[in-house]
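I opened the model today to go through its sheet, its core and its chain contact. These are my notes, in the order I looked things up.

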Amino acid sequence: MPPDAALRVRFWGTRGSIPVSMTPAEIRRKLITALVRGAGRSLDTPEKAAAFLDGEIDFAVSDTFGGNSSCVQLVTGAQDYVLCDLGSGARVFGNDVLARHGSGGHTFHVFMSHVHWDHIMGFPFFLPIYTPSNRVRIYGCHAELEDAFRRQHAAPFFPVDFSELTARIEFVRLQPGREYEIAGLSVKAKLQSHGGDSYGYRFQRADRVVVYSTDAEHKQDDLGEVQGFVEFFRDADLVIFDSQYSLAEATSIKEDWGHSSNIVGLELCQRAHAKRLCLYHHEPLSDDQKLAALLAETRRLEEITRGDRRVEILAAYDGMEIAL
Amino acid sequence: MELTPKRYVDTVVLAPAGRLDHSTSEGFKTALAPYMASCAAGQDHIILDLAGVEYISSVGLRVLMLASKQANAQGGIIGVAALQPAVKEIFDITRFTTVLNVFPSVREGIARLSPPALSAFDAT
């Protein structure tokens, strides 16, 4: 894809806090539901079965939102790869790069929201770090950025020490609020409320804007702080937003746990005139049915609170791709 | 914000109106504060009559949550009643129906909180 091609966003890990997998009971429930719905139908070829699933079965039954922790790719059209976070989804991404383009000669630019475990746990299994001709540049605003990655590789947590990684790995400290030009993108970080702090990123190329804002609590007591996020999201084509909790949870029993809700994401996007809100960092307790319900409810809320502009609501799933 | 208070023995009914959003919530919170001081064990119950509220945002809901926490800490009870359909839908989607006392009508709320107040309410 040429460098002037449209930006695309690809999700490799969308689950919050810890990776999850579907239980055997969930898989069985999906199979039973689909088989009953297809009873009496002529589904005797893979093509017919696929068309039936795509056309007549809800996503929560035919597919899954997935269970890998945070990792999102910005597909810029340039040769270098651009990622946000290195959760367990980074393992799948790394394998995909190797399968498609070989093991060496790649450059990766990774923007870290923070260094909590679910956002760095994919790094030891990100195979490009074991090939000498690869280069990995890890950007972040935390002083302990490099230390966190090194400690994750140290004994007794992992058998391969950081010093044994053969790729060229560099850590780049960014200052929030300052605009950088990296990998063909304008990038600006913003401090967010989370245990140990987190940072959101606003990426822009030409007139296209993507905001990656995860692991952020929005209490909305401080109107100046709220306005700061409205400006950070201003006119974005896509806002990827931490919607792990319901608003009731986020303001009661899970207050100060560092996460936000679909409601606050929608309100910020409405005030910022953002075009799309993508629900992200899904609650590990939520199965596919719950996440589908979350998406439907958020779309309904957008409908009943819409002003003169519509915000398109999406829910991220592992493997999802959005063209901007 | 004017809350047009009405007292029925030990229960105070307050009636905010319009939109409870980022531009009005601070005024709502300020207007509610004096009533919350006496929403305590052995003192007043509070019912917010939301029949005149056409929209409530996350900031407005947060004011309700903070009021509920204060009431709980003081041993008092606060509830909301008579939600318009759109506001009821917002309560459902935000799951606030699971963390606040939500009553179909002011009368049903009073009936749940205070039999003496119900008698006074029915007598008006």
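I started at a crossover. In this predicted model, β10(A), helix α7 (residues 223-233) of chain A and β11(A) form a right-handed β-α-β unit. I checked the two strands of the unit next. β10 (residues 208-213) of chain A and β11(A) run parallel, joined by four bridges. V210(A) has L238(A) in β11(A) as its bridge partner.

**The sheet around it**

I then traced the whole sheet. It is open and has seven strands, in the order β7-β8-β9-β10-β11-β12-β13 of chain A. The pairing is mixed. From one strand to the next, the twist averages 20°. I reminded myself that strands of a sheet pair through backbone hydrogen bonds, either parallel or antiparallel.

I looked up one antiparallel pair. Strands β8 (residues 185-192) and β9 (residues 198-205) of chain A pair in that sense over seven bridges. Within β9(A), S198(A) is the residue opposite Q192(A).

**How enclosed is β11?**

Why is β11(A) largely enclosed by the rest of the structure? I went through its residues: five of the five are buried, so the rest of the structure largely encloses the strand. Side chains in a regular strand alternate between the two faces of the sheet. L238(A), I240(A) and D242(A) are buried on one side. V239(A) and F241(A) are buried on the other. Both faces of β11(A) are covered.

Helix α9 (residues 262-272) of chain A lies across β11 (238-242) and β12 (276-280) of chain A. It runs at about 160° to β12(A).

**The core**

Which residues touch the most other members of the largest nonpolar core? I noted V210(A), F233(A), V239(A), I240(A) and L277(A), out of 117 residues in that core. In soluble globular proteins, nonpolar side chains tend to be buried together.

Leaving out residues up to four places away in sequence, L277(A) touches V239(A), F241(A), G265(A), L266(A), C269(A), V311(A) and I313(A).

**C84**

I moved to C84(A), in strand β3 (residues 81-84) of chain A. Buried or exposed? C84(A) counts as buried because it has 28 C-beta neighbours inside 10 Å; the cut-off is 20 or more. Beyond its neighbours within four places in sequence, C84(A) is in contact with V72(A), F111(A), S113(A), Y201(A) and Y212(A). I also checked F11(A): it is 73 residues from C84(A) in sequence, with 9.7 Å between the C-alpha atoms.

Most residues other than glycine have a negative phi, and most peptide bonds are trans. I went looking for exceptions.

A155(A) and P156(A) are joined by a cis peptide bond, with omega about 5°. P156(A) sits in the loop between α6 (145-153) and β6 (168-173) of chain A. P159(A) lies in the loop between α6 and β6 of chain A as well. P159(A) counts as exposed, because it has 9 C-beta neighbours inside 10 Å. Its C-alpha is 9.7 Å from that of P124(A), 35 residues apart along the chain.

H273(A) has a positive phi, near 60°. I found H273(A) in the loop between α9 and β12 of chain A. With 15 other C-beta atoms within 10 Å, H273(A) is partly exposed.

H281(A) has a positive phi, near 60°. H281(A) is in the loop between β12 and α10 of chain A. With 30 other C-beta atoms within 10 Å, H281(A) is buried.

**The chain contact**

Last, I looked at where chain A touches chain B. The contact takes 17 residues from chain A and 17 residues from chain B. On the chain A side, α7, α8 (247-251), α9 and α10 (288-305) each supply at least two residues. The largest share, five residues, comes from α10(A). By type, I logged eight nonpolar, five polar and four charged residues on the side of chain A that touches chain B.

Notes:
Residues are numbered from 1 along each chain as its sequence is written. Chains are lettered from A and ligands numbered from 1 in the order in which they are written. This is a predicted model: local features need pLDDT of at least 70, side-chain atom pairs count only at pLDDT 80 or more; totals for chains, interfaces and linings use all residues. Two strands pair if DSSP finds at least two bridges between them. Axes are lines fitted to C-alpha atoms, for helices over the stretch in contact, and angles run from 0 to 180 degrees between N-to-C directions. Two residues are in contact if their C-beta atoms, placed from the backbone, lie within 7 Å. A nonpolar core is a set of buried Ala, Val, Leu, Ile, Met, Phe, Trp, Tyr and Cys residues joined through C-beta atoms within 7 Å. A residue is buried if 20 or more other C-beta atoms lie within 10 Å of its own, exposed if 12 or fewer, and partly exposed in between; C-beta atoms are placed from the backbone. A crossover is right-handed if, with the strands pointing away from the viewer, the path from the first strand over the helix to the second runs clockwise. Ala, Val, Leu, Ile, Met, Phe, Trp, Tyr, Cys and Pro count as nonpolar, Asp, Glu, Lys and Arg as charged, and the others, Gly among them, as polar.
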